[in-house]
Amino acid sequence: MTDTIVQRVDAVGRAGEVRPGEARPGEARPGEARPGEARPGEARPGEVGPGDSPPTFHPPAFRLPVADLSDAALAAVTARLALTAEKYDRSAEFPWDGIRVLHEAGLLTVGVAARYGGDPPSSTDLVRLFEALGKGDPSVALIAAMTIFQHVHQAAAPWWPEELYEKVVADSATNAVLLNAIRAEPEWGAPARGGIPATKIRRTESGWVINGHKGFATGSEGLAYHLVWVATEDDDPLLAHAIVPGTARGVEIVRTWDHLGQRATSTHDVIYTDVHIPFENFRGTPKSKLSPEAGAGAGGASGLAVSALYVGVARAAQEFFTKFASERIPTSLGRPIATTERIQSVAGEIETQLVQAEEVLFGLARRIDEGDQQASARALVAKLLATRSAITAVEAAVAAIGNPGLTRHNPLERHLRDVLSSRVHPPQDDAALLIAGRRVLATYAADR
């Protein structure tokens with residue numbers, strides 16, 4: 001029977017609670033619209049209007065730790081993560097040890113904008129960071145990626161309620177505050193394939209209420225905030241992420257994740273039952289105004305970083321292969337197998353595949369840092385190229401050394417299972433090829 005964990009602690013106040021000086025739910029001060037209504041010419045409640053003003057920023061009253069992204073510092077983090085990677089792969093428990101390593105190194109707040117006290121990295125540094133984390137423990141790396149990407153997105157296009165995001169950053173200075181966008185659903189699949197989520201959000205007099213069932217929620221058991229992809233039930237529904245505290249009443253984590261690879265990512269199902277949030281935690285966009293590629297998957301620097309994570313896995317596999325080949329001395333050979341042309345050729349194939357992947361990722365990252373818009377668009381195809389190379393490299397290592405590559409006494413089989421998980425990240429190969437093909441054909445048609 002599926003083990004179910006139910007979290008039931010209020011994090012942002014109960015629905016209907018009134019602060020001093022505020023109107024009660026359903027009431028309005030003179031000249032104001034009632035909650036859930038709009039004045040003529042305004043956007044619907046929860047909808048982003050064309051005349052909306054950007055948030056007002058306040059200087060932070062705290063300082064975030066400055067992350068050391070030097071090669072030596074990242075190598076030290078890689079080594080610490082690797083110490084517990086096998087343990088968590090076997091148990092599939094939430095990898096708190098690895099998360100604490102990243103928090104202590106100040107890496108979970110990489111991506112926070114300077115206006116909030118952060119020191120955002122370049123796209124190139126993001127690729128370097130996630131290759132290092134993936135080499136140490138890809139499960140920890142993926143959970144961290146989901147948090148860091150939310151900070152990166154907030155820095156580029158602020159959308160969180162200002163007071164709430166300031167609290168997130170302030171809390172992150174002392175605690176590991178994890179975030180993730182929860183989008184996929186068991187029946188619907190992923191937004192990258194189109195459609196409208198079955199998870200619904202409905203206006204009430206005091207805010208919004210959410211009901212639905214999400215799947216593949218990476219980091220689920222450790223999330224401080226779920227950014228839940230929801231839709232209203234209007235004819236032209238509003239779609240957006242609704243900010244839900246992980247400890248809100250009605251949030252239920254169902255432990256469904258039991259996968260071949262990335263076993264410690266806590267990518268379980270989440271059920272939301274009558275979960276109440278305040279008005280400001282949802283600002284939707286009508287479906288008719290969304291870009292057709294809005295759910296295609298991570299592009300730009302974020303897409304490159306996820307791919308780099310799996311190149312890191314392949315680098316870890318290469319490291320084991322090199323050590324094994326240098327130390328393995330069959331009695332029939334009388335010398336290390338690394339001295340044979342067969343193994344030397346395989347070592348060359350592995351290195352060639354990884355150089356190819358890294359050149360694609362770092363080359364595009366550098367161009368993104370230089371402001372090249374075409375480079376950002378190409379990140380979708382880069383994911384396909386880099387992860388194919390990473391998989392090919394690990395498969396070559398396993399095939400070359402035979403049974404020792406598949407025993408759980410060695411880490412190579414774990415690296416193989418983990419690198420294969422790269423295929424399921426959006427955009428999946430067919431989707432990336434479809435988008436790339438359509439762009440090329442559309443350019444030809446436009447030029448005629």
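Serine 172 counts as buried because its relative accessibility is 5%, where buried means under 20% relative accessible area with a 1.4 Å probe and protein chains only. The model is a predicted one, in which local features need pLDDT of at least 70 and side-chain atom pairs count only at pLDDT 80 or more, while totals for chains, interfaces and linings use all residues. Residues are numbered from 1 along each chain as its sequence is written, and side-chain values use heavy atoms, with hydrogens and water left out.

Serine 172 belongs to helix α5, which covers residues 162-172. Leaving aside residues up to four places away in sequence, serine 172 touches Leu64, His103, Thr109 and Val177, a contact being heavy atoms within 4.5 Å.

Across the chain there are 10 helices and nine strands, taken as DSSP runs (helices H or I, at least four residues; strands E, at least two). Of its 448 residues, 48% count as buried, and of the contacts between residues at least 6 apart in sequence, 75% join residues at least 24 apart.

Helix α6 (residues 300-327) packs with helix α7 (residues 341-369) at an angle of about 160°, and their axes lie 10 Å apart. The two helices α6 and α7 are therefore roughly antiparallel to each other, a term for angles over 145 degrees on a scale from 0 to 180 degrees between N-to-C directions. The residues of the contact of α6 with α7 comprise 18 nonpolar, three polar and three charged.

How values were computed. Buried < 20%, exposed > 50% of the residue type's maximum accessible area, 1.4 Å probe, protein only. Parallel < 35°, antiparallel > 145°, perpendicular 65-115°, else oblique. Nonpolar A, V, L, I, M, F, W, Y, C, P; charged D, E, K, R; others polar.
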